[in-house]
Amino acid sequence: MSTFKVNLIAINPKEEHRQTPPVEVLVDTGAELSWLPKQILLDIGIIPRGKKRFYTVTKQLIERDFGYAILSAEGFQTNDEIVFAEASDLSLLGVRTLEGFSVMVDNVNHRFVATANLAVSVKNYT
């Protein structure tokens, strides 16, 4: 499997005029959440809402702050949790953001491919 990068923008959902500059991120289908540098998120007023624990590729357990943002890349946009990455962390676009974008990853051509969302049939049992 190949890897590729895209530019990701985080937008403050309470003040949409506040947004990060485009940040080059690794598209990582092995990561659940997207990660951007802590300081650029703080600079646009995105505040930590809690902490989450993660296992790194080297099986190290780490803890990072997370918050909420509107994320945008390659013409796609979604609301999502975002991890406040420390200086030693990579900037990543994770699988939950990809699902929010309603895209699949084309690793051969290094691009996103739009897909349809799954619909759930709900039956009224009353």
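Why does Asn79 count as exposed? Asn79 counts as exposed because its relative accessibility is 58%, where exposed means over 50% relative accessible area, buried means under 20%, and partly exposed lies in between (1.4 Å probe, protein chains only).

This is a predicted model, in which local features need pLDDT of at least 70 and side-chain atom pairs count only at pLDDT 80 or more, while totals for chains, interfaces and linings use all residues. Residues are numbered from 1 along each chain as its sequence is written, and side-chain values use heavy atoms, with hydrogens and water left out.

Asn79 sits in strand 6, which covers residues 76-85; here strands (E, at least two residues) and helices (H or I, at least four) are DSSP runs, numbered from the N terminus. Leaving aside residues up to four places away in sequence, Asn79 touches Ala69 and Ile70, a contact being heavy atoms within 4.5 Å. Although Asn79 and Ala69 are 10 residues apart along the chain, their C-alpha atoms are separated by 5.8 Å.

The protein chain as a whole has 2 helices and 9 strands, and from the N terminus on these elements follow the order β-β-β-α-β-β-β-β-α-β-β. Its C-alpha trace spans about 50 × 40 × 35 Å along the principal axes. Two percentages describe the chain further.

| Property of the protein chain | Value |
|---|---|
| Buried residues, out of 126 residues | 40% |
| Contacts between residues 24 or more positions apart, out of contacts with a separation of 6 or more | 51% |
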